[in-house]
Structure formats: C-alpha cells, structure tokens
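These notes go through the model point by point. Please read them beside the coordinates.

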Amino acid sequence: MPPFVIPVFIHHQGCPHRCVFCDQTRITGAAGTGRTVDAEDVRLEIERHLIRPRRFRWPVQVAFYGGSFTGLDIDLQLKLLSAVKPFIDKGEVDQIRLSTRPDYIGPDTASFLFDHGVRIVELGVQSMEPEVLAASGRGHSPDQTEAAFGYLKSGGLEVGAQLMVGLPGETTSGLIKGAYRIAGLKPDLVRIYPTVVLKGSGLARLYEDGRYRPPSLHKALALTARLKGIFDRYQIRVIRMGLQATETLEQSIVAGPYHPAFGELVLSRILFKKVRAVLSCLPAEGRGTISIAEADQSIFRGRKNMNVKRLVDLGLAARAEIIFDNNQPRNTVVVR
Ligand code: SF4
C-alpha cells in the first residue's frame, strides 16, 4: 500500500545559492508565509492531515519538502524532527522523508537523521555533468553527489535522486552518461523534472537575453523516456516525471516543456515504441495478436487515440490485433 504523505513545506529562507532555474522569491516566502516553519506548524500540519490515515490505517510519512532540510540551522532541524516524534511514538506516523542538496550531507548526517525518524532522503542531484552544474549555479559537484549517496546508504537510509532535463549546457550524451552514473549509485527512487523557465529566475534573464533556449516538449519527453528506460533496466523506481501541476506554477512559467500530464506522455511514448518494435517484427501479411495490460490501455492509445493513428500511418496497425488483458503486468507487450 503506498504511504499517505503529509507534506510540510520548509520555505528555505536565506538560501545562499543561486540556481538559475529557481525562483527564490516564490520559494523563500512570497508564495509562502515569509517565515521559517517552526515545530508548532509541523504539529498542526500533521494533526490536520491525520484524519484520513487514522480512519483507513495507511502507512504515514511526514515529508519535509521545498528546501534543503540539512542546510537549516541544526537547532531548527532538531525542533522540526522532534515535533514529529510524539506521532511516531504513538504509531500514527511511520517515518520521515526529506529533500536536501548533496553538499549538505556530511559523514555524520545520516546517523543524526536516522536517530530522529528519517528513513528517506531525496537529493537534488539535478545533473552529473560538472559544466551543467556550474552553468546552473548549483554550487556542488558530481563527486559530492556520490559522496552523499555513500554517507546516506551506509547510514541505512533510502536515497532518492531528483534529476532535471534541459538545463543550460546539457548534452544528450552527458545526460545519458550521468543517468548511468546515478543508476550505478543504486538510488531507491528517482524523480525527473523538465527544466522550465520561471518568472524572476536567472534562467528567465538568460532566456530574455537569448542565451538560453529550453528544449521543446517533444525533446524533453524523448530525453525523459530515455532516462526512464535506463532506470527501468536497473530496476530503479521512477516515482515522478514532470512537475506537479499547480495554478501558481502555471502562472509563473515563461517558457519551457511544461505539460500537466508530462509523465503520462512519457509513458505513452515508451509503450508506443515497444508496440511499434513488436509490430515491425511481425510479417506484413500476417495477422497476429499482441496484448497490453488493460490498465495501460489509455496510456497506449495516447491523447485522442494518437498512438493508434500513428501505427495506422506507419502501415503497422494491420499486422496484429491489439487486445487488452486484465491479468497482464503493466508496461509489457506480449505476442500471442
Ligand atoms: S533550488 Fe537552489 S537556489 Fe533554489 S532554494 Fe534550492 S538550493 Fe536554493
């Protein structure tokens, strides 16, 4: 059963970094409270969300998102984590997850977090290309990401990697090599975000000056599909592709490959390519049968039945009847 996640947004005030894709004013307060979250906020947020999992007995995670948790003052980290402890002691919360930067993880970080109920840490890796990290103003290196993975994994924590496609200076070969390097670090989960240009960000200035062009939606989907394929091969879960669609985000976007159903479009592309490959191997004159999981039917068909129309246009649709099977595992294509 997937956990019930209680999100607590720690608006990272005074972040010393200047990542080009980040709209600091939105993150640090203008859209939030303008002040750092405190222990009472955490308690109230948990109480507010607990009604549903109490009734349905879901596993519950408290997730500190929206900033670099381990970059906060250590006393504040302690206060926020301690605010969750009474709920863990009562069995109402199972574990804590948080997101942070790779360079804010040191040799002692994992034991501190583990002792205070944290079980999952998501790292803002973004890229494994040094030039891309530099051009994006990230202020950390791929080696620091590797070191952070080592510290967290040896401390018994699950590690997530957050990656971006379309950052300035990115090359397709560098992106793919970076994905293999990340896969070699064995993350427990991955999120892939397309780079979009947000109002007020450094990227918006570069874009307006003509010094940055975001990838098209088509290219971002193709790159994300390739990364997903790599992580699938290593049996690494990709738990999100695309940005969480919110009104605030949509109002802030100046340019870039944003789509509210980005992840679904990626999955649709991947399934289409699998089906196309299978049909291409069947005799043109034959009429075989291939099956797809019933649960994948709408993803396979795509928006407005687009994938089916493409198979017709390619002259492949007549090679087999496509059926949908309730008992078939998802993301598989079987020739019958
Ligand atoms: S994305 Fe970069 S600039 Fe924005 S809050 Fe995180 S570390 Fe700071």
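1. Two residues are taken to be in contact if their C-beta atoms, placed from the backbone, lie within 7 Å. Helices (H or I, at least four residues) and strands (E, at least two) are DSSP runs, numbered from the N terminus. On these terms, the cover over the buried residues of helix 7 includes helix 5 (109–115), strand 4 (118–126) and strand 5 (158–165).

2. Basis of the model. The structure is predicted; local features need pLDDT of at least 70, side-chain atom pairs count only at pLDDT 80 or more, and totals for chains, interfaces and linings use all residues. Residues are numbered from 1 along each chain as its sequence is written.

3. Domains. The protein chain is assigned domain 1 (4–259) and domain 2 (268–335), with bounds that come from an automatic or database domain assignment. Between the C-alpha centres of domain 1 and domain 2 there are 35 Å.

4. Helix 7, burial. A residue is called buried if 20 or more other C-beta atoms lie within 10 Å of its own, exposed if 12 or fewer, and partly exposed in between, with C-beta atoms placed from the backbone. In helix 7 the buried residues include Thr145, Ala148, Phe149 and Leu152. They cover an arc of only 105° around the axis, so they sit on the same side of helix 7; the arc is that of the directions from the helix axis to the C-beta atoms. Asp143 and Ser154, on the other side of helix 7, are exposed. An α-helix has 3.6 residues a turn, so residues three or four places apart point the same way.

5. Helix 7, length and end. The expected span of a helix is 1.5 Å times one less than its number of residues. For the 13 residues of helix 7 (residues 142–154) this gives 18 Å, and the end C-alpha atoms are 18 Å apart, which agrees. Glycine 156, with a positive phi near 85°, follows helix 7.

6. Helix 8. The 13 residues of helix 8 (residues 172–184) should also span 18 Å at 1.5 Å a residue, and the end C-alpha atoms, 18 Å apart, agree with that. Leu175, Gly178, Ala179 and Ile182 are buried in helix 8. Seen down the axis of helix 8, its buried residues fall within an arc of 105° and therefore line one face. Ser173 and Gly184 are exposed on the other side of helix 8. Among the elements that cover the buried residues of helix 8 are strand 4, strand 5 and helix 10 (217–233).

7. Lysine 186. What follows helix 8? It is lysine 186, whose phi is positive, near 55°. This is a positive value in a residue other than glycine. Lysine 186 is placed in the loop between helix 8 and strand 6 (189–194). With 13 other C-beta atoms within 10 Å, lysine 186 is partly exposed.

8. Leucine 217. This residue is found in helix 10 and is partly exposed, with 15 other C-beta atoms within 10 Å. Leucine 217 touches Pro257 and His259, not counting residues up to four places away in sequence. From leucine 217 to histidine 259 the separation is 42 residues in sequence and 7.8 Å in space, C-alpha to C-alpha.

9. Two strands pair if DSSP finds at least two bridges between them. An open sheet of 3 strands has the order 11-10-12 and mixed pairing. Its edge strands are strand 11 (320–325) and strand 12 (333–335), each of which pairs on one side only. Neighbouring strands of this sheet are turned by 25° against each other on average, direction ignored.

10. Pairing in detail. Strand 10 and strand 11 run parallel and are joined by 6 bridges, whereas strand 10 (residues 288–293) and strand 12 run antiparallel and are joined by 3 bridges. Serine 291 stands opposite isoleucine 323 in strand 11 and has valine 334 as its bridge partner in strand 12. Isoleucine 292 has valine 333 as its bridge partner in strand 12.

11. Around the sheet. Helix 12 (residues 262–281) lies across strand 10, strand 11 and strand 12, and runs at about 15° to strand 12; axes are lines fitted to C-alpha atoms, for helices over the stretch in contact, and angles run from 0 to 180 degrees between N-to-C directions. Asparagine 331 is placed in the loop between strand 11 and strand 12, and its phi is positive, near 65°, in a residue other than glycine.
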